[in-house]
Amino acid sequence: MTDQLRLMAVHAHPDDESSKGAATMAKYVSEGVDVLVVTCTGGERGSILNPKLQGDSYIEEHIHEVRKKEMDEAREILGVRQSWLGYVDSGLPEGDPLPPLPEGCFALADVDEAAGRLVRMIREQKPHVVTTYDENGGYPHPDHIMTHKISMVAFESAADAEKYPEAEFGPVWQPQKLYFNQGFNRPRTVALHEALLARGLESPYGDWLERWKEFERVERTLTTHVPCDDFYEIRDKALIAHATQIDPDGGWFRVPMDVQREVWPTEEYELAKSFVDTSLPESDLFAGIRDNA
């Protein structure tokens with residue numbers, strides 16, 4: 001454990017790991033890095049987004065078990081380890097005004113208690129790098145925002161034996177770097193959109209870019225571009241494994257692979273905290289760590 005690089009990716013729901021940073025994780029697995037995905041909820045309240053499976057009574061009645069099996073398959077495809085934090089999906093509230101969140105859901109959990117569960121995992125795995133979401137959750141799903149909150153607390157607390165007694169959680173550990181996933185960024189979207197139009201192809205990103213204008217989304221700082229295009233097929237295969245959540249004929253897969261590799265061969269991150277010296281921009285989440293791991 002002292003010689004192997006270790007990465008922990010903290011996500012809100014099963015399928016998030018396959019749509020955010022999946023190619024990066026597969027790349028690092030191929031290099032011998034130990035990658036652990038922490039999934040905060042079971043995705044129980046997620047809508048069935050694949051039109052081919054909508055109306056299936058078995059899936060609707062057993063959504064928790066179905067999504068767990070999907071996660072198992074995606075985990076095997078990516079080659080990662082995976083653990084459940086143990087919370088219930090909050091669902092995505094809709095309406096004006098928004099309805100209250102359901103009792104007992106992740107977004108209403110005690111932040112300190114939930115962070116404590118994550119601290120336990122950090123001290124057990126001893127990751128050098130942790131990835132999570134920014135303060136907006138990547139998009140404003142209450143579970144994504146809660147994932148950000150507990151990740152920040154756990155990153156700061158895992159090395160503090162006084163906050164979480166060592167007898168309960170094991171030896172303290174300080175991850176060296178914390179990143180926010182920023183794979184859905186405007187520069188990437190614009191580049192792919194324009195490349196498709198220039199080739200006379202239909203782009204699935206026109207509506208995305210219009211919605212960006214509506215929400216006046218603040219652009220994030222992309223500090224780290226990880227080359228991982230050799231693992232795009234694995235990323236897509238893992239995402240398709242979440243059959244209830246993705247339409248294999250939908251917009252996610254309409255950009256030809258050769259265009260993706262030529263135009264945008266990286267996945268992006270925002271370095272949020274670091275205890276090591278590094279030079280920005282980076283091409284490696286372990287920049288500044290490898291020589292001292």
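1. Let's start with a helix pair: Glu 70, Glu 73, Ala 74, Ile 77 and Leu 78 of α4 are in contact with Ile 234, Lys 237, Ala 238 and Ala 241 of α10, where contact means heavy atoms within 4.5 Å. By class, six of these residues are nonpolar, none is polar and three are charged; Ala, Val, Leu, Ile, Met, Phe, Trp, Tyr, Cys and Pro count as nonpolar, Asp, Glu, Lys and Arg as charged, and the others, Gly among them, as polar.

2. A word on the source: this is a predicted model, in which local features need pLDDT of at least 70 and side-chain atom pairs count only at pLDDT 80 or more, while totals for chains, interfaces and linings use all residues. Residues are numbered from 1 along each chain as its sequence is written, and side-chain values use heavy atoms, with hydrogens and water left out.

3. Back to the pair: the axes of α4 (residues 63-78) and α10 (residues 232-241) come within 8 Å and cross at roughly 170 degrees. The two helices are therefore roughly antiparallel, a label for angles over 145 degrees. Axes are lines fitted to C-alpha atoms, for helices over the stretch in contact, and angles run from 0 to 180 degrees between N-to-C directions. Helices (H or I, at least four residues) and strands (E, at least two) are DSSP runs, numbered from the N terminus.

4. Now the sheet: seven strands form an open, mixed sheet in the order β3-β2-β1-β4-β5-β7-β6. Its edge strands, β3 and β6, each pair on one side only; pairing requires at least two DSSP bridges between two strands. The twist from one strand to the next averages 30 degrees. Helix α4 packs on this sheet, touching β2 (34-41) and β3, and its direction makes about 155 degrees with that of β3.

5. Strand β7 (residues 266-274) pairs with β6 (residues 224-227) in the antiparallel sense over four bridges, with Glu 268 as the partner of His 225. Five bridges join β7 to β5 (residues 177-181), also antiparallel, and here Glu 270 is the partner of Phe 180.

6. Helix α6 (residues 142-157) has end C-alpha atoms 23 Å apart, which agrees with the 22 Å its 16 residues should span at 1.5 Å a residue, taking 1.5 Å times one less than the number of residues. Of these, 12 are buried, so α6 is largely enclosed by the rest of the structure; buried means under 20% relative accessible area, exposed over 50%, partly exposed in between (1.4 Å probe, protein chains only).

7. Lastly, Pro 102 lies in the loop between β3 (81-87) and α5 (111-125) and is partly exposed at 23%.

Technical notes. Parallel < 35°, antiparallel > 145°, perpendicular 65-115°, else oblique.
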